[in-house]
Amino acid sequence: MCRSKVSVENLFATIENAMATSERKKISVVTPCYNEESNLVDCRDSVRRVFAEQLPGYDYEHVFCDNRSTDDSVAVLRRMAQDDANVR
């Protein structure tokens, strides 16, 4: 499950402001994680789906910040980063 403290309203307000300009913008999505091995792929897929369906005119990067997980989160993150150019 992708958890965020940023409100969706604030995110869309920022995006609408960026849409007012003619140049293509890049949005950074930052996801902190700790022992989220079983949720990381679903989180990445959810963000990917939002950009594909609702924000196709935007570039994005999805930055995962691991907080020294003790499960296999780091290995999952490394695989995702190898397979998906948007994941950092």
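The model is predicted.

**Aromatic pair**

One aromatic pair occurs in the structure. Its members are Phe-51 and Tyr-60, and the arrangement is stacked. The ring centres lie 4.2 Å apart, with 15° between the planes. Phe-51 and Tyr-60 are both buried.

**Helix α3**

Helix α3 spans residues 73–83. Which of its residues are buried? They are Ser-73, Val-76, Leu-77 and Met-80. These residues sit on the same side of α3, because they cover an arc of only 100° around the axis. Arg-78 and Gln-82 are exposed, on the face of α3 turned away from the buried side.

The cover over the buried residues of α3 includes the elements tabulated here.

| Element | Residues |
|---|---|
| β1 | 26–33 |
| α2 | 40–53 |
| β2 | 59–66 |

**His-62**

His-62 belongs to strand β2, and β2 is among the elements covering the buried residues of α3. Is His-62 buried or exposed? His-62 has a relative accessible area of 1%, so it is buried. Residues up to four places away in sequence are left out of its contact list. What does His-62 touch beyond them? The contacts are Val-29, Thr-31, Cys-43, Arg-44, Val-47, Asn-86, Val-87 and Arg-88.

Conventions
Residues are numbered from 1 along each chain as its sequence is written. This is a predicted model: local features need pLDDT of at least 70, side-chain atom pairs count only at pLDDT 80 or more; totals for chains, interfaces and linings use all residues. Side-chain values use heavy atoms; hydrogens and water are left out. Rings of Phe, Tyr and Trp (its six-membered ring) pair if their centres lie within 6.5 Å; planes under 30 degrees apart count as stacked, over 60 as edge-to-face and the rest as tilted. Buried means under 20% relative accessible area, exposed over 50%, partly exposed in between (1.4 Å probe, protein chains only). Helices (H or I, at least four residues) and strands (E, at least two) are DSSP runs, numbered from the N terminus. The arc is that of the directions from the helix axis to the C-beta atoms. Contact means heavy atoms within 4.5 Å.
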